[in-house]
Amino acid sequence: MAGNLTDDFGAFDNNAERNEKAGAGLFFSRLFSFLTNRFLVLGVGFVTFGVIILIMTTRLQFSDYQNTLSESSSGVVRQYVSEAPRGDIYDARGVLLASSTEFNSVMIANAYLDDQSLNALCLELSYLFEEYHCIEVADLDQYFVLDPAARFVKSEEKIKLWQTDSNLFDLKDYSQGVIVTFSDDYVKIDPNVFFLYLRRKFNIDNEYTIEEAYRIMRIRYQIFSDNWAFVKGTPVKIACNVPDELIRKFEEQNYHYMGIVACKEYARNYTTEALYACHVLGYVGKISSVTYNDLAPFGYTSDEMVGKSGVESQMERYLHGSNGITPYSIWTQDGEEGFFVPQNYGTEPQAGATVYLTIDSRIQEVGMESLKEYILQAKANDLSGYKSASAGAFVMMNVNTGAVIAMGSYPIYDPNDFILANYGDKQAQEQVKYYLGVDEYEEITAGDLPLWNRAIMSMYAPGSTFKPCTALAALENGDITPEDNTIMCVSPYDVDGWIFKCLEFPNYGHGPLTLSDAMAQSCNIYFMILGIRTGIDNISAMAYRFGLGVKSGIDLPGEISGVMSSRENKRLTRQSVYDKTWFPSNTAQASIGQFDDCFTILQLCRYTCGIATNKLCTPYVIDRVVASDGTILYQGQTESVDLGIAEENIEAVRTAMRCVTTGTYHWNSTADGHFEYYPVELVCKTGTAETGFEDSRKEYSNGLFICYAPKENPEVAVALVVESGKWGASCIGIAKSLMAAYFNEQVNTSYRLYTANPILGDYLPSVNATSR
């Protein structure tokens, strides 16, 4: 058994050894066969080749070879933002007020030219722009000119700021005793040294004359001032108003004018009618850095023209449109042998939407001419030495809808000047300096405020035009009734030690007056007594009810709220405890439109509409905004709100205001004779309000007037002011002109320029009141 086991194990060991040797031989045989297989050899070859291609492609991708190839032997393909034309603006009758005019501009892009080639190109372009009467874009002229000697055109302080700007020259301000040369990095106050500095900086060859060098500098500086964008491929504008003939020349010889790119731009253009409505329409100007930061996410560029005031500003999001993307190719150093790459992609700019206003240009022009004529006549005829009429404003509204038919402010401005000034027009630049109050115009502009829309941005004491509000408060409070409203006018009248006198009869007063009598005569004593009976709280509440002292919500920027006299306003605006206290004498003055009462002309017109309709409307100047496909994007009209005043009470006030034009059985009126034979029945109120500067500045009081028409089924209301207009009754002719234009009537609108007091009434407590 043992021998068998031994034999068995011995037999097993020998077989394993033989099998191991056989397996090893088989492995090497198969390995050799695999390695010598032709498919493996081909596969390894392909993989190796692919890896080599991948490595080479990667190296090319991250090296300068591709750039060098395309820039030196072919056209370079880039893109720029193409401007969208701004939307048009029309008046209520479809008269064009503002549009966009297309013109050609020329830009220069980075074609990787050396200084010698670029300077030669700049000089040639300069002469071409002059020959073809183009407007060269040269910001250098704002600081430095050659005419014929080199000189700076700004103050030394501003030149230093310019030259030390880290984004421009980044020069250092020199210390005392330092000798500045054209080759160092100090500020150059000497214009001749600065000229040499620029010549060196732009590597302008000495073979060029001084004039030629300056021509080159103007274009080189334009590139230099926006160098970062230029290097990155954004072309820099160097000329505008370029005729088609020159554009064709550039396109036909694009291999010669390397880097030159032509584009379409749009300039805002305002019609003659727009001049009369300039404060409503507004104007456009270059986008500020602050505005750009806000609008950049919406596709705006840093050199956009945007609305600065009026409708242009209010409707910016609709008028602006959407800019497009335009590809362009330029030739590089290889000239005619280079490969020019045509492109047919990009996005077209989309024009802005069309805005339609509620303004009627015909009526607007009549109102502005009438206001201007009144002011000129007042200045010519007054020999008192007092400052006469100088400025004013008016508003005409549809009493039922709130649509503003006319809104004027004087002095005016020409919105085209802001456009022309950007293109180098010297006269326009001078006008813009006046508008903005720059340099020598600071003082005169502060008085004229030509950009100021006085209709919504200035507030005026309403004077006697506020008396209907006091009457309504008293009627609603039950202090008088439509049937029982007689009050005794006694003069002098003592309130808190303040002695007020009746202007017409200072020694004894009018005696008994009804509401209609008092309104016709504009009797201060009547309304003071009535106001004290009613109380300031009720009067203030009625004023707020009519929107006086609060913003109207008109769709124009810059509206102010004004102020209505009240206990709270006095408490907040006075310092001492005594001054914070409300007294009956304060009520007396507030009742006749004085004390703290200060409203905008728009608010007074809205208030007049409320008297006419017993509803409070929201004024608007933008009727609708329409997209290019006809879709209405915006509508301005909103629903009026019922005032809720008892009809018999508001009718009593309307009747009293009508007596301002007709007089009463016992008394004539402040508008006596103005509306004789007038074809339309007007309901109105005159007002004269002191400014507080009559004596110190030797100037007249402000004249105000409010009215609506017709008496039955009223359609329109007017409110106006003439600063230093002397009397409210004097200004009636302006309202008559507006109403005649609206109703298409031919009437006598001549002015009655009073040399003495008109009929009574519109007189102020600070004039005829004394304290004891």
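Rings of Phe, Tyr and Trp (its six-membered ring) are paired here if their centres lie within 6.5 Å, and a pair is called stacked when the planes are under 30 degrees apart, edge-to-face when they are over 60 degrees apart, and tilted for the rest.

| Aromatic pair | Centre to centre | Angle between planes | Geometry |
|---|---|---|---|
| Phenylalanine 144 and tyrosine 214 | 6.3 Å | 65 degrees | edge-to-face |
| Phenylalanine 169 and tyrosine 197 | 5.9 Å | 65 degrees | edge-to-face |

Phenylalanine 144 belongs to strand 5 (residues 144–146) and tyrosine 214 to helix 7 (residues 210–225), so that this pair links distant parts of the chain, 70 residues apart; helices (H or I, at least four residues) and strands (E, at least two) are DSSP runs, numbered from the N terminus. Phenylalanine 169 lies in the loop between helix 5 (156–164) and helix 6 (191–201), whereas tyrosine 197 is in helix 6 itself, so their pair ties together parts that are 28 residues apart in sequence. Buried means under 20% relative accessible area, exposed over 50%, and partly exposed in between (1.4 Å probe, protein chains only). Phenylalanine 144 counts as buried at 0% relative accessibility, tyrosine 214 counts as buried at 10%, and both phenylalanine 169 and tyrosine 197 are buried too.

The charged end of lysine 736 sits over the ring of phenylalanine 675, at 5.9 Å from its centre.

Histidine 279 is placed in helix 11 (residues 278–281) and, at 8% relative accessibility, counts as buried. Its side chain reaches the backbone oxygen of tryptophan 452 at 3.4 Å. Leaving aside neighbours within four places in sequence, histidine 279 is in contact (heavy atoms within 4.5 Å) with residues including Gly310, Ser409, Tyr413, Pro450 and Trp452.

How many disulfides does a search of the whole structure find? With a disulfide taken as a pair of cysteine sulfur atoms within 2.5 Å, the search finds 0. The sulfur of cysteine 605 lies 4.7 Å from the closest cysteine sulfur, in cysteine 609, which is too far for a bond. Cysteine 707 is likewise in no disulfide, with the nearest cysteine sulfur, that of cysteine 684, 6.4 Å away. Cysteine 605 is buried, with a relative accessible area of 0%, and cysteine 707 counts as buried at 0% relative accessibility.

Of the 772 residues of the protein chain, 51% count as buried, and the secondary structure comes to 30 helices and 26 strands. Among contacts between residues at least 6 apart in sequence, 72% join residues at least 24 apart.

The mean pLDDT (the predictor's confidence in each residue, from 0 to 100) of the protein chain is 86, and 83% of its residues reach 70 or more. The value stays under 50 over residues 60–74, for which the model has 21 contacts beyond four places in sequence, and also over residues 335–341, with 16 such contacts. Where pLDDT is low, the predicted coordinates should not be read in detail.

In this predicted model local features need pLDDT of at least 70 and side-chain atom pairs count only at pLDDT 80 or more, while totals for chains, interfaces and linings use all residues. Residues are numbered from 1 along each chain as its sequence is written, and side-chain values use heavy atoms, with hydrogens and water left out.

Technical notes
Lys NZ or Arg CZ within 6 Å of the ring centre and 35° of its normal. Polar contact = N/O pair within 3.5 Å; in protein donor to acceptor, adjacent residues only side chain to side chain.
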